[in-house]
Amino acid sequence: MDAEEHKLPLSQNPEWADVTPIPQDDGPNPVVPIAYKPEFIETMDYFRAVYKANEFSLRALQLTHQAILLNPGNYTVWHFRRLILDALGIDLNEELEFMSGISENNPKNYQIWHHRRWIAEKLGTDVASKELDFTKRMLFLDAKNYHAWSYRQWVLQTLGGWENELNYCHQLLEEDVFNNSAWNQRYFVVTGSPLLGGLEAMRESEVKYTVEAILPSPENESPWRYLRGLYKNDPKSWISDPQVSSVCLKVLSAKANHVFALSTLLDLLSHGFQANQEFKDAVDSLRPSNSDPPDSDLAKAICSILRHVDPMRVNYWTWRKNKLPLSV
């Protein structure tokens with residue numbers, strides 16, 4: 001198809017003269033008909049015709065391209081495009097290039113990411129590095145793009161490329177320690193990479209890394225959650241590791257941004273941690289002057305403080321306090 005033919009409406013293009021377009025059937029009395037643009041109507045009418053005829057041809061492939069540009073979310077068009085690509089044996093590396101331009105303009109389109117996964121799965125491990133670089137570009141545009149993160153994790157698990165992933169997470173956290181998506185990815189790598197030995201093997205170094213991230217920004221919830229996750233299914237190690245209780249004490253002693261330090265200490269106490277006088281003094285020093293009378297039970301005292309310093313969750317802390325046993 002030359003450039004001049006491509007610019008012609010399909011109804012005037014000699015290449016399409018043998019095709020009878022099929023209009024959209026909205027029924028005899030559509031309640032709220034959609035005011036489609038003429039180009040969209042014509043493209044979809046011809047698409048229905050080739051779809052109904054199961055025409056797997058280069059012109060049908062080009063037609064799906066046009067339809068996708070008009071509506072990238074049309075899953076039927078994407079499905080038919082895959083059938084054509086398979087039938088014609090089109091170079092899927094070229095299809096990846098086509099996808100990159102479409103993706104940047106539609107970064108949260110489910111059909112686009114599914115199509116890309118289909119291509120990458122067929123191309124195999126040779127494209128792992130390329131696909132990881134692609135998701136980096138997408139995450140640079142939007143660090144919280146769930147589709148990009150989900151696809152990146154699929155690439156790692158299916159095609160490989162784990163070697164530099166922990167460094168990538170570190171780079172993202174160096175740029176923004178509040179990037180909860182990067183913390184989530186770091187946990188995915190530490191627990192899932194076949195190169196690192198698993199959570200227990202990585203725990204000591206990861207706890208040190210996390211504590212160092214907490215101390216400058218104790219108001220950042222993500223590393224606190226990450227720290228707890230490092231002891232998943234192992235509460236004994238969690239309450240006995242002095243690094244955990246120590247970071248709580250340091251933050252409490254600083255008397256600023258201590259909500260997550262208090263809540264972590266509360267969880268530690270609930271699992272059997274025995275706090276010494278230093279912890280009791282640190283908590284008592286945080287008690288607001290207008291708060292309830294001091295409580296001899298440390299866990300209950302923490303709940304009372306949290307009711308004042310974390311008013312968004314006042315009902316939750318009241319519930320936690322009421323659920324505590326008589327002594328912890």
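Trainee: Which residues have the most contacts inside the largest nonpolar core, and how many residues does that core have?

Mentor: In soluble globular proteins, nonpolar side chains tend to be buried together. In this predicted model, the largest nonpolar core has 96 residues, and Leu 265, Val 283 and Ile 302 are those with the most contacts inside it. Helix 15 gives the most to this core, contributing 8 residues.

Trainee: Which residues does Ile 302 touch, leaving aside those up to four places away in sequence?

Mentor: With those sequence neighbours excluded, Ile 302 touches Leu 262, Leu 265, Leu 266, Leu 269 and Val 283.

Trainee: Let us turn to helix packing. How is the relative direction of helix 10 and helix 12 to be read?

Mentor: One begins with the crossing angle; a value under 35 degrees counts as roughly parallel. The axes of helix 10 (residues 180-192) and helix 12 (residues 221-229) come within 9 Å and cross at roughly 15°. The two helices are therefore roughly parallel to each other. The crossing of helix 10 with helix 12 is right-handed.

Trainee: Which residues meet where helix 10 and helix 12 are in contact?

Mentor: Helix 10 supplies Asn 180, Trp 183, Arg 186, Tyr 187 and Val 190, which meet Ser 222, Pro 223, Tyr 226 and Gly 229 of helix 12. By class, the residues of this contact comprise 5 nonpolar, 3 polar and 1 charged.

Trainee: At what angle do the axes of helix 6 and helix 7 cross?

Mentor: The axes of helix 6 (residues 110-123) and helix 7 (residues 128-141) cross at roughly 160° and come within 12 Å. Since angles over 145 degrees count as roughly antiparallel, helix 6 is roughly antiparallel to helix 7. Helix 6 also passes helix 7 in a right-handed crossing. Trp 113, Arg 116 and Ala 120 of helix 6 meet Glu 131, Phe 134 and Met 138 of helix 7. This contact has 4 nonpolar and 2 charged residues, with no polar ones.

Trainee: A further topic is backbone geometry. Where does Asn 54 lie?

Mentor: Asn 54 is in the loop between helix 2 (38-52) and helix 3 (58-70). Its phi is near 50°, a positive value in a residue other than glycine.

Trainee: What is the phi of Asn 257, and why does Asn 257 count as partly exposed?

Mentor: Asn 257 has a positive phi of about 50°, although it is not a glycine. Asn 257 lies in the loop between helix 14 (242-254) and helix 15 (259-270). Asn 257 counts as partly exposed because its relative accessibility is 45%.

How values were computed
Residues are numbered from 1 along each chain as its sequence is written. This is a predicted model: local features need pLDDT of at least 70, side-chain atom pairs count only at pLDDT 80 or more; totals for chains, interfaces and linings use all residues. Side-chain values use heavy atoms; hydrogens and water are left out. Axes are lines fitted to C-alpha atoms, for helices over the stretch in contact, and angles run from 0 to 180 degrees between N-to-C directions. Helices (H or I, at least four residues) and strands (E, at least two) are DSSP runs, numbered from the N terminus. Angles under 35 degrees count as roughly parallel, over 145 as roughly antiparallel, 65 to 115 as roughly perpendicular and the rest as oblique. A crossing is left-handed if the near helix is turned anticlockwise from the far one by less than a right angle, and right-handed if clockwise. Contact means heavy atoms within 4.5 Å. Ala, Val, Leu, Ile, Met, Phe, Trp, Tyr, Cys and Pro count as nonpolar, Asp, Glu, Lys and Arg as charged, and the others, Gly among them, as polar. Buried means under 20% relative accessible area, exposed over 50%, partly exposed in between (1.4 Å probe, protein chains only). A nonpolar core is a set of buried Ala, Val, Leu, Ile, Met, Phe, Trp, Tyr and Cys residues joined through side-chain atoms within 4.5 Å.
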